[in-house]
Amino acid sequence: MRRHLDNFIIGVAGLSVIILVWHLLTTYGVVSRIFVPTPLATIEALRRGFASGVLISQTQATVLLMIQGWLLASAVAIFLGVLIGVWPAARRALEPLLEFIRPLPASAIIPVAVALFGLTPHMILGVVTFGSLWPTLLATVHGVSTVEPRLEEVARALGMSRLSFIWKIGLPNAVPDILSGMRLSLTFSFILAIVTEMLAGENGLGTAILLAGRLFRSPDIFAGLLVLALIGLVSNSMLQAVERRLLRWRANG
Amino acid sequence: MGKNWPWSGIFLIVFLLVLWEVAMRVSGIVTDSFAPPSKVVVAFLAALKDGSLLKATGETLLAALIGLGLGAGAGVLSGVVLGLTPLAARAFRAPVETLRTLPSVALIPLSLMAFGFGYAMEYSIIAFATFWPTLILAQAAVIGVDRQLLDVARALQLGPISRVTKIILPASMPRLVVALRLTIGIALVVGVTVEIAANPQGLGYGLVIAQQSLHPDLMIAFLMWVGLLGWLLNRAVVEIERRLLRNRGGASMRSAT
């Protein structure tokens, strides 16, 4: 308890130092206020955005796109990953292809998707889904295919069917990999949601900061960045908490 | 190399390419948004010959390397400072955790406003994107340095600077190299993304222009080239890592990966 309090006080002190330096740098014109607003101006922009409801609707749009894309991607990735993972021939055949797609910038498929499907909301969701598929897919393949040989023997001895092997041994074995893959996928879908919004001009935080930049309204940019950072922080720590809860059996066993 | 060659994988890729080619020829679809592999190869060779592909590649790689140099340099420096001063690490934990999750692409509007189009806006974003992972890995590497080595430094009465350059940096080198492998991939991906979203140069822009000028063959050629480049870069860094760490024996290598 004592340590938590200490950490809190030190944390607040660190944050105050940063805000103070930010305030001094901008107030005394070391950094041009055209580009970097004062902390007060940023807070004012945040307040205005939330009071008028504009910032709320933009945040909702971005978060919705990010979560929809992530859930779709996770479902598809886990399904395909299990299929590929339990089927060695498929794994061997698909590995070079996956190796090639993995380092491909997910955003590079945006122009291709625009050419094929046009700038529609479905295209945007499709790009976010497709782009955030890979981390979870690769993690699931890895998790399912690295079942300990002894467990496979046990399954054979028990006369388990393929399906119950997947359900009772393959998937539980892959859960840690799947969860960390999903955490990475969420980062991907977050980035892609922002980029596709910017490119397609859809309502959302990405478009909002882009427009604020064109109008040289730096307080609005910083307000948007602050909200984005908080979305990232909250979503990431929520998933980490879920991961810890679901994997508790591991630490105990 | 020959015996581990993934034949079924190569077969699958060739099969898909042939299928794609045949499907487009047989169906007789005339489209401005997609092209068969044969046309992609022709477009690729043409872009290679007139130098536009190499120019774009050079622009993207240069921006990625400058950005990585700035981001990773600042990241190592901050990581060492935070690793050596636990109080500072505790004080800046929350801001670091918050800024780390901010997607670098969200900085495009700000950077565009401050620097305009060109290299500066691109490498500033790449630097931001590579700074945080480097900081965190460098901090962990410094914390993981053997206590006995620090005792040696104290016994030798080394000053703070030579303590860092002679003891701490060499001891954390394996982990820093791993950080480099991670961040070089990030640098390329972020660079291409910035070019697609805003910056009119490099491979990402080439991709967008090919799409907008209805040259699907060139667009797909650029896409494939970006993928190949990422794969080659990763291969190169893995190889460098192996060479650098070979003379350190197996133990440090295992702890690094």
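Me: Helices here are DSSP runs (H or I) of at least four residues, numbered from the N terminus. In this predicted model, what separation do Arg48(A) and Glu44(A) have in helical turns?

Reply: Happy to walk you through it! The side chains of Arg48(A) and Glu44(A) form a salt bridge, 3.9 Å from N to O. An α-helix has 3.6 residues a turn, so residues three or four places apart point the same way. Both residues sit in helix H2 (residues 39-52) of chain A, and because they are four residues apart, their separation is about one helical turn.

Me: Which residue joins Glu44(A) and Arg48(A) in a network of salt bridges?

Reply: Side chains of opposite charge can pair when their charged atoms come close. In chain A, the network links Glu44(A) and Arg48(A) with one further residue, Arg47(A).

Me: How many residues apart in sequence are the parts tied together by Glu243(A) and Arg183(A)?

Reply: These two residues make a salt bridge, with their closest N and O atoms 2.7 Å apart. Glu243(A) lies in helix H11 (residues 218-246) of chain A and Arg183(A) in helix H9 of chain A, so the pair ties together parts whose distance in sequence is 60 residues.

Me: Is Glu243(A) buried or exposed?

Reply: A residue counts as buried under 20% relative accessible area. Glu243(A) has 12% relative accessibility, so Glu243(A) is buried.

Conventions: Residues are numbered from 1 along each chain as its sequence is written. Chains are lettered from A and ligands numbered from 1 in the order in which they are written. This is a predicted model: local features need pLDDT of at least 70, side-chain atom pairs count only at pLDDT 80 or more; totals for chains, interfaces and linings use all residues. Side-chain values use heavy atoms; hydrogens and water are left out. A salt bridge is a side-chain nitrogen of Lys or Arg within 4 Å of a carboxyl oxygen of Asp or Glu. Helices (H or I, at least four residues) and strands (E, at least two) are DSSP runs, numbered from the N terminus. Buried means under 20% relative accessible area, exposed over 50%, partly exposed in between (1.4 Å probe, protein chains only).
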